[in-house]
Amino acid sequence: MEARLQKVVSWLKEKNVETAFISSTENVFYLTGFHTDPHERLLGLFVFDEAEPMLVCPSMEVGQAKEAGWKFDVIGYEDHQHPWELIKEALHKRNVIDVKKVAVEKEQLLYARAEELLSLYPNAELVGAEEKLNQLRLIKDEREVEILQKAAALADFGVEVGVAALKEGVTEMDVLAKIEYKLKRKGIREMSFSTMVLFGEKTGEAHGNPGLRTLKPGDMVLFDLGVVLDGYCSDITRTVAYKSINDKQKEIYETVQRAEQAALEASKPGTRIGDLDMVARNIITEAGYGEYFLHRLGHGLGISVHEFPSMSRNNDDVLQEGMVYTIEPGIYIPGLGGVRIEDDVIITKDGYETLTKYPKELQIIS
């Protein structure tokens, strides 16, 4: 973690910025190793160009921060205390009051907290820190990759449980509950996002809501799920057919599968991200379903389930070794149903590796 902090310090010096205030739980975790959900309470990391950093968190979590390996000062506060007063005292001790620039996560920082921060630094300009933090988190190290591989394997397991739970008359929520129960038995406390299990015509909703729809022969079934393991996320989507499949459903499935495979094969260092999206999109469009591919090809994956970069057609950035992201083309036809196939992918020296391994061949569950 200290190496990551030093990169932030070097960036501050390079940009002539005296202080950074990092307040998102994801970036605090990345830079400190301390992962928490502070709810409405203040969580923040101050990094300085010439002084040691300091962490601010509720007093009841100070012990956890130290157990996570944080070696510098921790300002703990109780619910009756005003944390910004304690911060002001700590800044005076460090003699970092006359500051001209403060780097913050502009897309994350609450307005009220920005006001508190500027009350401490009345002559300061707030500058964006997101771009630098995104770049730091973009390339995963060996430990991060190892965790992501394990998280992906647990996502595979979740789909396996879901497929095994399919039987006529079962509801979407019945299957969802079984998936999450089995994952909790394996030690998973948190899913990456709300687990999605959709039957039949509901698979035609890219972000549908599971409910009490019962399973019938001829339904397509879409699973979209992921787990949080040691602070890192996985994300997988698989679509299967229950008992039978008609020609239209089969055509849609095979089109999405070809698009996903083509995007995988185009994944290698130096490929423009926007071109990767278009590889998949062109296949779906040529098959006559372009208007039903409603979203970007995928998204970055790591501490956040959706993080930098966006795998969209207008992204001119190129793939680099160590990047982890999803590829998830889909076709969604209202009233009929749809298909999405999604894998977690890491760029290697010569190409790619899929972290998610659950089979993608069309399965008709009997």
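Me: Which residue is the bridge partner of G44 in β3?
Reply: In this predicted model, G44 is bridged to V56 of β3.

Me: How many bridges join β2 to β3, and in which sense do they run?
Reply: Strand β3, residues 54-58, is joined to β2 by 3 bridges, and the two run antiparallel. They form a hairpin, with 5 residues between them.

Me: And what about β1 and β2?
Reply: Strand β1, residues 19-22, pairs with β2 in the antiparallel sense over 4 bridges. A20 has V47 of β2 as its bridge partner.

Me: Is β2 mostly covered or uncovered?
Reply: Mostly covered: of the 5 residues in β2 (residues 44-48), 5 are buried.

Me: Turning to L45, what is it in contact with?
Reply: Beyond its neighbours within four places in sequence, L45 is in contact with residues including L5, F21, I22, L31, M54, L55 and W70.

Me: Changing topic, which residues touch the most other members of the largest nonpolar core?
Reply: L45, L166, V175 and F223 do, in a core of 68 residues. Helix α7, residues 142-164, supplies the largest share of this core, with 10 residues.

Me: Why does this core lie between domain 1 and domain 2?
Reply: Because both domain 1 (1-138) and domain 2 (142-354) give residues to the core.

Me: What other core lies apart from it?
Reply: Another core, of 30 residues, lies apart from the largest one; M220, A262, A263 and L319 are among its members.

Terms used
Residues are numbered from 1 along each chain as its sequence is written. This is a predicted model: local features need pLDDT of at least 70, side-chain atom pairs count only at pLDDT 80 or more; totals for chains, interfaces and linings use all residues. Side-chain values use heavy atoms; hydrogens and water are left out. A nonpolar core is a set of buried Ala, Val, Leu, Ile, Met, Phe, Trp, Tyr and Cys residues joined through side-chain atoms within 4.5 Å. Buried means under 20% relative accessible area, exposed over 50%, partly exposed in between (1.4 Å probe, protein chains only). Domain bounds come from an automatic or database domain assignment. Contact means heavy atoms within 4.5 Å. Two strands pair if DSSP finds at least two bridges between them.
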